[in-house]
Amino acid sequence: MFKPLLMFLLLSFFPLYSQYKVIIDTDPGIDDAVAILLAFQSPEIEVIGLTSTFGNHDIDVTTKNCQILLELAEKKIPIAKGFKGPLVIPKRPNPDFVHGRDGLGNLFLEPNQKEGNYEDADSFIIRSILENPKEITFIGLGPLTNLASALLKEPKIASLVKEVIVFAGAIYYPGNCNPLAEANVWSDPHAADIVFSSGLPLTTICLNASKKPQLTKQILNEIERANPKIGVFLNQINQFYIDFYLSQNPSLEGANIHDSLTIAYLLNKDLFSWVEGPICVVKEGIAEGATLMDTSSSNEFSPWNERPKVRACIDCKEKEVVALMVERLSSTS
Ligand code: RIB
Ligand code: CA
């Protein structure tokens with residue numbers, strides 16, 4: 001009687017502190033870097049480790065970039081090193097034209113700690129979830145290879161993870177790698193299909209939702225003035241990223257923030273709207289990487305019938321999302 005009451009009172013007075021124990025699986029990547037710092041700047045979130053993946057660059061570079069981010073944020077948490085390529089298909093070329101030749105806007109930074117004794121990412125994911133049943137939130141910001149491998153090795157994690165939020169896919173909306181495929185799914189369609197069919201408590205944030213919120217040079221200047229410790233870095237890495245977006249579409253004001261939407265969703269689901277349904281990933285051919293959702297529960301022979309429903313976010317309140325990001329990234333407390 002006394003204990004629950006005490007818990008209730010504590011939670012009422014300190015609702016913001018470490019509500020979520022989070023693993024971030026990531027391929028930094030400029031928008032990944034913003035998302036990771038956003039998580040570090042959010043008192044509700046305790047990041048227990050970063051798992052690196054290939055994607056925006058080779059695995060050695062994305063792992064090094066994870067180390068750079070930990071040192072910048074003065075966080076002493078483990079990095080576990082992930083797969084160097086997809087499960088089945090050959091690795092795609094690195095998108096240097098989006099994230100730079102170093103994955104972080106061509107600043108060519110070096111971490112103080114050069115090499116680590118890294119645990120494998122899939123083992124870290126399995127171990128963390130088994131040791132903390134129903135407590136871990138998994139955030140996926142890159143190709144879904146590490147998570148798919150963890151599911152293949154230990155299917156029990158599907159029912160023991162608290163929540164999985166990934167940036168992946170486009171639901172009947174133009175892709176950014178081919179007319180239908182989003183980059184994280186296109187980079188490893190087989191892995192994405194394993195994750196989408198696994199029965200995990202899964203939300204995917206799609207390109208449909210990330211088209212509107214933009215990070216502009218003006219916003220980055222504002223963040224830099226308020227919180228130079230991370231703001232200078234954010235401003236510098238994003239110059240390259242924003243210039244890429246403006247070169248693609250001069251009517252934009254800045255760059256799409258993709259990966260940060262996973263953190264914004266974790267913090268406030270009211271900022272998003274979604275559809276739900278089973279998703280099949282196209283694994284080969286002209287539409288490789290397309291995420292096809294059955295929204296109509298079609299005939300009894302449909303390959304979608306066997307699959308669990310996935311929540312796919314297709315829109316967000318962009319002003320509120322950007323305001324949340326600015327508030328968190330500007331905070332020095
Ligand atoms: O499609 C956007 C996603 O792919 C993001 O995760 C971004 O980092 C890119 O690589
Ligand atoms: Ca990413």
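Let me start with a contact: the side chains of N94 and K91 are joined by a polar contact of 2.7 Å. By polar contact I mean a pair of N or O atoms within 3.5 Å; within protein, one must be able to donate a hydrogen and the other to accept it, and residues adjacent in sequence count only if both atoms are side-chain atoms. The N94 side chain also makes a polar contact with the side chain of D58, at 3.2 Å. N94 itself is found in the loop between β3 (79–81) and α4 (96–99). Helices (H or I, at least four residues) and strands (E, at least two) are DSSP runs, numbered from the N terminus.

Ground rules. This is a predicted model: local features need pLDDT of at least 70, side-chain atom pairs count only at pLDDT 80 or more, and totals for chains, interfaces and linings use all residues. Residues are numbered from 1 along each chain as its sequence is written, chains are lettered from A and ligands numbered from 1 in the order written, and side-chain values use heavy atoms, with hydrogens and water left out.

Now ligand 1. Which residues come nearest? Of the 13 around ligand 1, they are D31, N56, N176, E182 and D259. Near means that a heavy atom of the residue lies within 4 Å. By class, the shell has three nonpolar, five polar and five charged residues. Asp, Glu, Lys and Arg count as charged; Ala, Val, Leu, Ile, Met, Phe, Trp, Tyr, Cys and Pro as nonpolar; the others, Gly among them, as polar. Helices α2 (30–40) and α8 (183–187) each supply at least two shell residues.

Distances next. An oxygen atom of ligand 1 is 2.6 Å from a side-chain N or O atom of D31. For D259, an oxygen of ligand 1 is again 2.6 Å from such an atom. For N176, the distance is 2.9 Å. Alone, ligand 1 exposes 280 Å², and the protein buries 94% of that. Areas come from the Shrake-Rupley method with a 1.4 Å probe.

On to the calcium ion, ligand 2. Its protein donors are D27 (OD), D32 (OD), D32 (OD), L141 (O) and D259 (OD), at 2.2 to 2.6 Å. Donors are N, O and S atoms within 2.8 Å of the metal, or 3.2 Å for Na, K and Ca; water is not among the atoms, so sites may look incomplete. D27 lies in the loop between β1 (20–26) and α2, and L141 in the loop between β5 (136–140) and α6 (145–153), so the pair ties together parts 114 residues apart in sequence.

Last, the backbone. P28 and G29 are joined by a cis peptide bond, with omega about -10 degrees.
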